[in-house]
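This briefing goes through selected helices, their packing and a few single residues. Please read it beside the sequence and the structure shown here.

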Amino acid sequence: MEPFIRSAALTGYADLCRALDVSAASLMARVGLEPDILADQDRWIPASAVARLLELSAEASGRPAFALEMSGLRRLSTLGPISLVIREEPNLRSAIEVLLRHQSLYNEALNCVLSEEGGLATIVVNLRLPETVKTWQAVELTVGVYHRILRDSLGSGWRPLTVCFAHPAPHDQEDHTSMFGPIVEFGRPFNGIVLYADDLDTLNPDADPQLLAYARHYLDMVTAQPAQTTPEERVRALIEALLPTGRCSIEHVARSLHVDRRTLHRQLAASGHTFSSLLDTTRVRLATRLVAHRGRSLTEVASLLGFASPSAFSRWFRERFGCSAREWRARGSGPQ
């Protein structure tokens with residue numbers, strides 16, 4: 001199944017695009033992502049779409065280090081509930097171990113590991129994405145985020161021993177050396193950061209044992225909740241992402257999940273659903289929010305909900321809500 005990632009992974013994306021004079025909305029549309037997701041950090045979106053978006057953005061902006069620049073705009077809170085625990089861990093080693101143990105809470109495509117040997121520690125970055133998806137920018141974003149966490153703990157003057165990338169070197173490596181230091185190697189067998197193992201024993205002077213107990217209890221409650229791993233939840237998320245693109249068909253959804261149409265039908269039927277039923281309930285949920293927002297025209301709402309024409313949307317809305325969208329909006333719910 002297609003791995004998903006919290007939309008918080010795109011923190012800073014719109015701001016960086018704006019600074020580089022490229023259209024975030026048009027680039028997101030090319031990979032089937034709706035700009036509205038940037039306002040909700042806890043939305044789960046296809047990791048492959050994010051990887052493709054980063055590659056397109058680097059190309060459109062002419063900035064090979066686009067993802068590295070994005071990593072500089074991230075905060076620890078971007079990681080979600082796990083950040084509460086990391087802040088209170090007694091040392092850097094335990095913080096990194098928590099981050100690795102619960103990486104699926106913020107990015108299901110991550111499979112990073114920490115290894116130690118001969119006084120050296122290596123954080124190896126692996127992304128579980130289809131081979132057809134280019135991941136250079138996604139890898140650099142992940143390495144940049146880990147580097148930021150390490151530097152925040154070890155001080156701004158800290159430098160890793162080596163930063164390794166499996167992909168070829170860009171023509172201009174100035175941004176990489178500015179962030180990581182002079183020893184950045186490309187074309188290596190792995191992606192990751194090498195540092196002294198002793199650095200991991202650095203104490204966290206702000207750690208509060210009492211707060212750590214509360215934070216760990218909260219994280220335990222979060223991880224005990226059902227994860228978004230069922231076919232139904234994945235299909236719902238993809239429907240919401242694909243509706244505004246006009247490509248929300250079962251064929252496109254099945255392709256995004258790397259299964260065929262028949263398999264997807266069978267998986268949904270096992271939980272008592274069909275693609276059509278999920279499409280309709282998702283549209284109903286989105287329509288109540290979009291129609292209530294008077295800043296959007298009803299023609300725009302029809303497009304965002306994936307209807308071929310405003311008239312088709314009008315017929316559907318009346319069937320589902322018992323009145324026209326204009327009448328429903330006039331009742332005065334939602335943002336003005």
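With 12 residues at 1.5 Å a residue, H15 should span 16 Å, and the 16 Å between its end C-alpha atoms agrees with this. The model is a predicted one.

- The buried residues Ala 312, Phe 313, Trp 316 and Phe 317 belong to H15, and because they cover an arc of only 130° around the axis, they are on the same side of H15.
- Arg 315 and Glu 319, by contrast, are exposed on the other side of H15.
- The cover over the buried residues of H15 includes H13, helix H14 (298-304) and helix H16 (325-330).
- Just after H15 comes Gly 322, which takes a positive phi of about 80°.

**Packing of H13 with H15**

- Helix H13 (residues 275-292) and helix H15 (residues 310-321) have axes that come within 11 Å and cross at roughly 95°, and the two helices are therefore roughly perpendicular to each other, as angles of 65 to 115 degrees count as such.
- On the H13 side the contact is made by Asp 280, Arg 283, Val 284, Ala 287, Thr 288 and Val 291, while H15 contributes Phe 313, Trp 316, Phe 317, Arg 320 and Phe 321.
- Sorted by class, the residues in the contact of H13 with H15 are 7 nonpolar, 1 polar and 3 charged.
- Phe 313, Trp 316 and Phe 317 are among the buried residues of H15, and they are also among the residues through which H15 meets H13.

- The 15 residues of H3 should span 21 Å at 1.5 Å a residue, and the end C-alpha atoms of H3 are 21 Å apart, which agrees.
- H3 is mostly covered, with 12 of its 15 residues buried; among them are Ala 47, Val 50, Leu 53, Leu 56 and Ser 61.
- The elements against which the buried residues of H3 pack are strand S1 (4-6), helix H1 (13-19), helix H2 (24-30), strand S2 (44-46), helix H4 (66-71) and H7.

**Packing of H3 with H7**

- The axes of helix H3 (residues 47-61) and helix H7 (residues 136-154) lie 7 Å apart, and the helices pack at an angle of about 100°, so that H3 and H7 are roughly perpendicular to each other.
- From H3, the residues Ala 51, Leu 54, Glu 55 and Ala 58 meet Trp 136, Gln 137, Ala 138 and Leu 141 of H7, and the contact divides into 6 nonpolar, 1 polar and 1 charged residues.
- Ala 51, Leu 54, Glu 55 and Ala 58 are also listed among the buried residues of H3.

**Helix H12**

- In helix H12 (residues 261-270) the buried residues are Thr 263, Leu 264 and Leu 268, and since they fall within an arc of 130° when seen down the axis of H12, they line one face of the helix.
- On the other side of H12, the exposed residues are Arg 262, Arg 266, Ala 269 and Ala 270.

**Single residues**

- Leu 219 is placed in helix H9 (residues 209-224), and its relative accessibility of 4% is why Leu 219 counts as buried.
- Setting aside residues up to four places away in sequence, Leu 219 touches Ile 82, Val 85, His 102 and Leu 105.
- The C-alpha atoms of Leu 219 and Leu 129 are separated by 27 Å, and these two residues are 90 residues apart along the chain.
- Thr 162 lies in strand S5 (residues 162-165) and counts as buried because its relative accessibility is 15%.
- Leaving out residues up to four places away in sequence, Thr 162 touches Ile 183, Glu 185, Arg 188, Gly 192, Ile 193 and Val 194.
- Asp 21 lies in the loop between H1 and H2, and with a relative accessibility of 69% it therefore counts as exposed.
- Most residues other than glycine have a negative phi, whereas phi of Asp 21 is near 60°, a positive value in a residue other than glycine.

Conventions
Residues numbered from 1 in each chain as written. Predicted model: local features only at pLDDT ≥ 70, side-chain atom pairs only at ≥ 80, totals over all residues. Heavy atoms only, no water. Axes fitted to C-alpha atoms, helices over the stretch in contact; angles between N-to-C directions. Helix = DSSP H or I, 4+ residues; strand = E, 2+ residues; numbered from the N terminus. Parallel < 35°, antiparallel > 145°, perpendicular 65-115°, else oblique. Contact = heavy atoms within 4.5 Å. Nonpolar A, V, L, I, M, F, W, Y, C, P; charged D, E, K, R; others polar. Buried < 20%, exposed > 50% of the residue type's maximum accessible area, 1.4 Å probe, protein only. Expected span 1.5 Å × (residues − 1). Arc of directions from axis to C-beta.
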